[in-house]
Amino acid sequence: MESTQPLLSKSQVKKKTRSNRFVHDFIMNKYLYLMMVPVILYYIVFHYAPMYGALIAFKDYSPMKGIMGSDWVGLKHFKDFFGSFYFWRILKNTLVISLYSLVFEFPAPIILALLINEVRSKAFKRVAQTITYMPYFISLVVICGIITDFTNADGVINKLMMLFGYDGQAMLQKQELFRPIYILSEIWQRIGWESIIYIAALMGIDQEQYEAAHMDGASRWKQIVNITLPGIMPTITIMLILRMGNLLNVGFEKIILLYNPVTYETADVISSFVYRKGLLEFGWSYSSAVGLFNSVINLILLVTANYISRKVNESSLW
């Protein structure tokens, strides 16, 4: 007797196979899938659902009319932003601070992890890690208060500089000093915490490679260059891609707490500009347009960095 069941195409067979695999995997790991539910809900509620509000960038938003009731204005707010006096200033400041951060802050935890890895005393390692971790857990408001006090005209830093003949000055009132203070404080605050992932990557390197290199007469420096750095390069690549995706997201909280109208020329960035226009001047639609522009540029940078990384060394996020 001939079978009356219709024949399936190759694509249908593949889909059915994938479906069966998913059902089987779900049954075998149902508790792991259940653990994912809170995370998925978090991203849906706090990251994807609010994207609906991005519509106000294309509207003349009024709280009385609501998002859908407000009048459409198309690209008006984008054109106003691109043609404004502030566009080039805040774009330049954002890029300069982001590039400074990429050049000076990004390598700092890698260097610290390498130095800690070379230390043989476990007690000294624990002490060094604890000291470098501590600033990350201090409230940002407290951190900014410390920075402000230290850089005042009568602060600790100025008193030390006066011993060498320099005049005391309120350093945060100087446009040319804002960026160095910001970058150095970011390194001090984050270097220990960000080094954790690199220390974990270093622990995953096969120790037999070091023993073989030592037997061949390789110095510690050559072992770092030929074993350690290649061993953590995939981790460095992934972290660099993630950093590129947030290149223009200069933390506005710290900048707002440190800057003032005197230093707007070098300190005002996209995120702080959005804060002032949106929350202080109630320009919701205009600030949303600026924020959306920032997000689009970050997405382009992330996709580009991931593509280049995948082509160059086959390490990528996707």
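This is a predicted model: local features need pLDDT of at least 70, side-chain atom pairs count only at pLDDT 80 or more; totals for chains, interfaces and linings use all residues.

Biologist: Where is Phe 282 found, and what is its phi?

Modeller: As a general idea, most residues other than glycine have a negative phi. Phe 282, although it is not a glycine, has a positive phi of about 60°, and it is found in the loop between α15 (270–280) and α16 (284–313). The helix labels come from DSSP runs numbered from the N terminus, a helix being H or I over at least four residues and a strand being E over at least two.

Biologist: How should I read a pair of helices, and at what angle do the axes of α5 and α6 cross?

Modeller: Two packed helices are described by the angle between their axes and the distance between the axes. The axes are lines fitted to C-alpha atoms, for helices over the stretch in contact, and the angles run from 0 to 180 degrees between N-to-C directions. Helix α5 (residues 86–105) and helix α6 (residues 107–118) have axes that come within 5 Å and cross at roughly 10°. The two are therefore roughly parallel to each other, given that angles under 35 degrees count as roughly parallel, over 145 as roughly antiparallel, 65 to 115 as roughly perpendicular and the rest as oblique. On the α5 side the contact (heavy atoms within 4.5 Å) is made by Leu 102, Val 103, Phe 104 and Glu 105, and on the α6 side by Pro 107, Ala 108 and Pro 109.

Biologist: How do α7 and α10 pack, and at what angle?

Modeller: Helix α7 (residues 122–133) packs with α10 at an angle of about 135°, the axes being 7 Å apart, and the two helices are therefore oblique to each other. Gln 129, Thr 132 and Tyr 133 of α7 make the contact with Gly 192, Trp 193, Ser 195, Ile 196 and Ile 199 of α10.

Biologist: Which residues have the most contacts inside the largest nonpolar core?

Modeller: A nonpolar core is a set of buried Ala, Val, Leu, Ile, Met, Phe, Trp, Tyr and Cys residues joined through side-chain atoms within 4.5 Å. The largest one here has 39 residues, and Ile 97, Ile 110, Phe 178, Tyr 182, Ile 232 and Ile 255 have the most contacts inside it. Several helices each supply at least two residues of this core, among them α5, α6 and α12 (220–245), and α10 gives the most, with ten residues. A second, separate core of nine residues includes Ile 90, Phe 273, Tyr 286 and Phe 293. Not counting residues up to four places away in sequence, Ile 255 touches Ile 97, Phe 178, Tyr 182, Val 250, Ala 267, Val 269 and Ser 272.

Biologist: What counts as a salt bridge, and how many are there?

Modeller: A salt bridge is a side-chain nitrogen of Lys or Arg within 4 Å of a carboxyl oxygen of Asp or Glu, and by this rule the count comes to eleven. One of them joins Glu 105 and Arg 190 at 3.6 Å, N to O, linking distant parts of the chain, since Glu 105 is in helix α5 and Arg 190 in helix α10, 85 residues apart. Glu 105 counts as buried at 4% relative accessibility, whereas Arg 190, at 28%, counts as partly exposed. Arg 190 also meets Glu 194 in a salt bridge of 2.8 Å, N to O, and these two residues both lie in helix α10, four residues apart, about one turn of the helix. Glu 194 is buried, with a relative accessible area of 16%.

Biologist: Which residues are linked in a network of salt bridges?

Modeller: Arg 89, Glu 265, Asp 268 and Arg 276 are linked in such a network.

Definitions and conventions. Residues are numbered from 1 along each chain as its sequence is written. Side-chain values use heavy atoms; hydrogens and water are left out. Buried means under 20% relative accessible area, exposed over 50%, partly exposed in between (1.4 Å probe, protein chains only).
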